[in-house]
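I opened my notebook to look at how two chains meet.

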Amino acid sequence: MNFEEHAAKPLLETAGIAVPKRRLVTSAEEASSAAKELGACVIKAQVPAGKRGKAGGIAMADTPEAAATAADAILALEIGGRAVERLLVEERIAIAREFYAAVLNDASAKSPVVLFSTLGGMDIEDAAAKDPQALRRCVVDIREGFGHREAEEMLGGLDPGLGASGVAKTLVALYRLYRDTDAELIEINPLALTDDGGLVALDCKFILDDAAIPRQPDLAALGAKERLTAIEARGRELGLQYIELDGNVGVLANGAGLTMATMDAVRHLGGRPANFLEVGGQAYTLTQSALELALANPSVKSLVVNFCGAFARTDVMTEGVVTAWEELKPAIPVFFSIHGTGEEEAVELLRTRLGMEPFDLMDDAIKAAIEAAR
Amino acid sequence: MIVRAADRVLVQGITGTQGTFWSERMIAYGTRVVGGVNPKKAGTEHLGLPVYASAAEAANDGGFEVAVMFVPPMAARAAALDAIEAGARLLVVLTEHIPVQDVIELIAAATAAGTRVIGPNTAGLVTPGECFVGIMPAFNAKVHRPGRIGVISRSGSLGALICLNLVRAGFGQSAYIGVGGDAILGTTTHDALRAFEDDAGTDGVMMVGEIGGTAEEDAAEYAAAMKKPVIAYIAGAAAPEGRRMGHAGAIVMGDKGTYRSKRAALERAGVRVLDSPTEAGAAFTEALDP
């Protein structure tokens, strides 16, 4: 779950990391009065997407009038496919240098990794390419943690001019915050060294681990709402993973891998998948709701149902599809391929109640569905 | 990481609905299940087996080599640490949606103690004709049959379909290793390749990957140096960027974890990448034809 900057910065404050004074606003008038209060300021679009600067979503303003003009311009933008609805107006800080700091889950190291670079204010990959020596990386043993000793060690010899003790303290606080909040990523870029020698986080990216949401309910309430279509939102309510695509062949399968493989085969065989819809894991008893979801997309002209039961029983899933099919009596054709746990019972259900025969090969079921959708 | 009939298996969460259903099937198939864990029902019997308060208690009462977890996500860390401290050689973590920092912690503890973790979010391990640990349809002879192909998969359902297609072409499996669908895994695709390269009962390896992460790229170099043929299928060619496709690990972020990158890395390593799971049987007929 992504957090917008205005929601992420208070987390840094709780960890004792300084951030600029700021106001969250939704109009040019509010931006103007915030600027009156804060003086020379920076105005930033609040969207859960990167590269806001390149998209024109960040502007400087020296006066309340300039703030209002900039706010109007940014509020008219769409960034990463989202209309900008909120702005953060922040006091402008006198910057001596810009650093980069982050803590994240690293899949290859199977560990938390703390990153620090003396080159901040740019994409960390660009910074690493520009000057590999400026970037330090510490793989943390999660059972030992990351304290001052580790921080000092990591920063050792990096740059005598950077006031290392303040940076070390910031990194330790950042790691503590990462652990307390179940973060997948916390990134401060830039972390500014001010003219008077203090460290201030000018921007903050925070991603909460989705799997930790049940034990971080208060925190999760502050995260950015995912942009979902109406059918995707309905799927979310039902506990089903539905992702809308732009094709016309509806896909219903069990398990993430098989569902992707079914979508892929639709495309590979010359068709266009209309959705990803998985009924695997614990959700396999929800097949009836899943079918309603698949049919809710008006672009769907045919449906392929591909079950291969491991954990999920194909007889239970097929029972759900057949029952829903009898109730809804859809006008579109459906093509089945069914194998694995409960296969005999599932095929029998299909024969007796829908008078249908499944295809032995999933590719044949998919070809038939593509043909029918034309 | 290839389970054998002699391995003694402890089922954590044996008394739950799924724990019961799959323990019955494991036992019927020949898996040597020696007991289960449920602190609330310690001292009782379930399926004719002793129920222990902890894995530590089970270790003191006869012992076990393999622990398999039918445990909800928020209880997974504690259950895993219990099994690791009790000396499990192999820990199969079926649980999906375990907080990532808990996963990191349990893998770190396992590595320090010498326990191999399979998963999380795996459908488990099958050694056809011997035993299985997890939630795969080992008992379905159309899917799992003894043979000489090693199968590695990030997905249970797709792994099952691939096995079915191999059986249809006359190939059984030496073993099935479900590495799991999470982003951070105890056993990687690379680790599993290594196990099959060293396994005398395996002639070739089927690698079933998916978008997200770098498991396939990381395994490519090793695959290129292997003596046995490796054939791959990668799911997610049609997946949109930035969306999590069911599995926590199955997400393309910008130019990272893409289908194109995985396919290119494997093909550079001389691994044939199939366009459809249906082609698996024919591909091995070709690859293993003397």
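**Entry 1: the interface**

I noted at the start that this is a predicted model. I began with polar contacts across the interface of chain B and chain A, and the rule gave 22 residue pairs, both members at pLDDT 80 or more. Next I asked which elements of chain B supply at least two residues each to the side that touches chain A. I wrote down helix H1 (17–29), helix H4 (100–113), helix H5 (156–168) and strand E13 (230–235). H4(B) gives the largest share of that side, with 9 residues. I then sorted the residues of this side of chain B by type: 34 are nonpolar, 16 polar and 11 charged.

I also looked up contacts as a whole. Here 61 residues of chain B are in contact with 56 residues of chain A.

How much area is buried between chain B and chain A? I found about 4,400 Å², and carbon and sulfur atoms give 58% of it.

Then I turned to charged pairs. I counted 8 salt bridges between chain B and chain A. I looked up one of them, between the side chains of A:Arg179 and B:Glu105, at 3.5 Å from N to O.

**Entry 2: domains of chain A**

I checked how chain A is divided. It has domain 1 (21–91), domain 2 (97–220) and domain 3 (230–373). The centres of domain 1 and domain 3 of chain A, taken over C-alpha atoms, are 46 Å apart.

**Entry 3: B:Thr202**

I found B:Thr202 in the loop between helix H6 (189–198) and strand E12 (204–210) of chain B. Is B:Thr202 buried or exposed? Its relative accessibility is 2%, so B:Thr202 counts as buried; the cut-off for buried is under 20%.

I looked at its side chain next. The side chain of B:Thr202 makes a polar contact with that of B:Ser174 at 2.7 Å. Another polar contact, of 2.5 Å, joins it to the side chain of B:Asp199. Beyond four places in sequence, B:Thr202 is in contact with several residues, including B:Arg148, B:Phe196 and B:Lys228.

**Entry 4: B:Ile234**

My last stop was B:Ile234, in strand E13 of chain B. B:Ile234 counts as buried because its relative accessibility is 1%. What does B:Ile234 touch, not counting residues up to four places away in sequence? I listed A:Asp264 from chain A, and among the chain B residues B:Gly209, B:Tyr259 and B:Val273.

I also took a distance. B:Ile234 and B:Ser23 are 211 residues apart in sequence, and 31 Å apart in space from C-alpha to C-alpha.

Conventions:
Residues are numbered from 1 along each chain as its sequence is written. Chains are lettered from A and ligands numbered from 1 in the order in which they are written. This is a predicted model: local features need pLDDT of at least 70, side-chain atom pairs count only at pLDDT 80 or more; totals for chains, interfaces and linings use all residues. Side-chain values use heavy atoms; hydrogens and water are left out. Contact means heavy atoms within 4.5 Å. Buried area is the accessible area (1.4 Å probe) that two parts lose on being put together, summed over both. A salt bridge is a side-chain nitrogen of Lys or Arg within 4 Å of a carboxyl oxygen of Asp or Glu. A polar contact is a pair of N or O atoms within 3.5 Å; within protein, one must be able to donate a hydrogen and the other to accept it, and residues adjacent in sequence count only if both atoms are side-chain atoms. Helices (H or I, at least four residues) and strands (E, at least two) are DSSP runs, numbered from the N terminus. Ala, Val, Leu, Ile, Met, Phe, Trp, Tyr, Cys and Pro count as nonpolar, Asp, Glu, Lys and Arg as charged, and the others, Gly among them, as polar. Domain bounds come from an automatic or database domain assignment. Buried means under 20% relative accessible area, exposed over 50%, partly exposed in between (1.4 Å probe, protein chains only).
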